[in-house]
Amino acid sequence: MSERLLRWIDGHTLALLLAIMLLRGGFLLINGFDLIGDESYYWDWSRQPDWCYYSKPPMIAWLIGAFTWLLGDYTFTVRLPALLLGTVFLWFFHATAKAFYGARGGALALLLVLATPINVLANFLMTIDAPLYCFWMMTVYFLRRALFDQQARAWCWAGLASAAALLSKQSALILPLMLLIFLAVDEQRRGLLKKEFLVYLSPIVIAAVPILWWNQQHDWVMFGHSKGHFGNHEPVSVLKHLQWARDFLLYQLLLVSPVLFVLVVMSSTQAAFNFKRLSAEQRFLLLMGPALLLGVLLLSVLQKAQGNWPMPFYFAGLILLAGNWLAGAWKKTMKYGIGLGLAMVLLTYSLPIVLQVLKLQNTAFDPTKRFNSWQELAINVHFERLISLPNLDNTFVVALGHRYLASELAFYLPDHPKVYRYEPSGLVASQYEVWPGPHAFVGKNGFVMGETPEENVPAELKAAFQNFRFLAQIPNPAKPNSPYYLYLGENLKFWPETVRLTSDKESYAPSEN
């Protein structure tokens, strides 16, 4: 690695981060990508602020709600928090690596994380990962200050950062657990368990209270959803296990880049086998990420694991890898790894142009297809609504099928109507089944839409209206062979209550990461 480059990064870190933020902001403005399903889903959450939701704590909804309240309901506005959180993340990541391994280590670690495609996506898509990564990194930074620089106030800041991470995603509970393990095995710092660890833990406990209270009021729905992600609910063949492991591995190669992924795994494995010989700082880094990464890699063989689950664990892994490079390990391989990673990052940003030049847009080779169809669909739907009812006041929309249809219609229809989802199975499969149905619209007209031909529309839903009639068949830009059907239900008489909230956890459907 060029020493001149590392010196330049260290001397111009703030300017570099601001330049990256501006470039990413420009990409955010001009790329023209629609919100993906999860983003519009979380935006719909933000319209009903709460202490928790079906599958996640409330931070994502609060952040989107704050920015759209200030700047309006636009695609850019929804994604703006991801850009800002991503920049804050980079600052804390560099500062943490520099605190562990000095100026050269900090500069190299920053270069490493910038060479991972996941860092592009985390700064572009406003999903739960953006706040989680930022607050996770802040926690590691302040814990490092507290543990190794003896800064008393850093315990409190670390606790607040962990609390914010917990409000972003429940997996942040791993942070205090790993700190507890570190303090338990580190004789020199074990005494910190008596007071400092409790200071750190207090904000996390306070943040957990409203989440627990909300779940107690809603039949522990978030915990039921999370539980559905673990274990195999039916016998699974060896071949299926291997397919899961292969798919998970491919995700890691694409999100981290192939060479850097292999190096992080090798570095982590090496550290795990030499745990007793590691310094206290290296042990802390190992427990804050690489050890967890190895655990998820093993889990991916035993059951289906989502590709983004281990992403926060790579951060400490990359810092540890930078430390190994300073010690003389993998000098040449690291250079190739960073080069390949940066090439993948550049390809990610230039993908819209590449697809256009190669005429691959909307083909099977177009990974951006899911970004390109919702606005077009909503325009067609809105046109048909206006033809049937020129005045849309006091009307509502019901989506049949996946929750993404409900949330994308809510966001991209020009009037941002209240959209409900009808789930005939009785499963609580999304936040839409947690929210009450359209009881306030009794006596009003509603539009019903889905990929469902009229003969397959649930009879109880048709019967809920005085009149129910077909309006139009609307092309599905994402799946031309599966058009949408739009219906008008006139004069809602009642809302068919087939959805139940029950303590039977089999009724919760795992649906997302």
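The lining of the second largest cavity divides into seven nonpolar residues, one polar residue and no charged ones (Ala, Val, Leu, Ile, Met, Phe, Trp, Tyr, Cys and Pro count as nonpolar, Asp, Glu, Lys and Arg as charged, and the others, Gly among them, as polar). The structure is a predicted model, in which local features need pLDDT of at least 70, side-chain atom pairs count only at pLDDT 80 or more, and totals for chains, interfaces and linings use all residues. Residues are numbered from 1 along each chain as its sequence is written, and side-chain values use heavy atoms, with hydrogens and water left out.

The residues around this second largest cavity are Val113, Thr116, Ile118, Val256, Met311, Tyr314, Phe315 and Leu318. Helix α16 (residues 311-326) contributes the most, with four residues; helices here are DSSP runs (H or I, at least four residues), numbered from the N terminus. The space inside is about 30 Å³, a volume being the space filled by probe spheres set on grid points joined across faces, edges and corners. On a 1 Å grid over the protein atoms alone, a cavity is a set of points where a 1.4 Å probe fits but cannot get out, a pocket is an open set with protein on both sides within 12 Å along at least five of seven lines, and lining residues have an atom within 4 Å of a point.

Across the whole structure, two cavities of 30 Å³ or more are found. Two or more lining residues come from each of α5 (75-114), α6 (117-122) and α7 (129-148), and α5 supplies the largest share, five residues. By class, this lining has ten nonpolar, four polar and no charged residues.

Of its 36 lining residues, Leu121, Leu125, Tyr251, Leu255 and Arg370 are the closest to the centre. Elements giving two or more residues to this lining include α6, α7 and α12. The pocket lining has 22 nonpolar, nine polar and five charged residues.

Helix α15 (residues 290-302) has as its buried residues Pro290, Leu292, Leu293, Val296, Leu297 and Ser300 (buried means under 20% relative accessible area, with a 1.4 Å probe and protein chains only). These residues lie on the same side of α15 because they cover an arc of only 150° around the axis, taken from the directions from the helix axis to the C-beta atoms.

Definitions and conventions. Buried means under 20% relative accessible area, exposed over 50%, partly exposed in between (1.4 Å probe, protein chains only).
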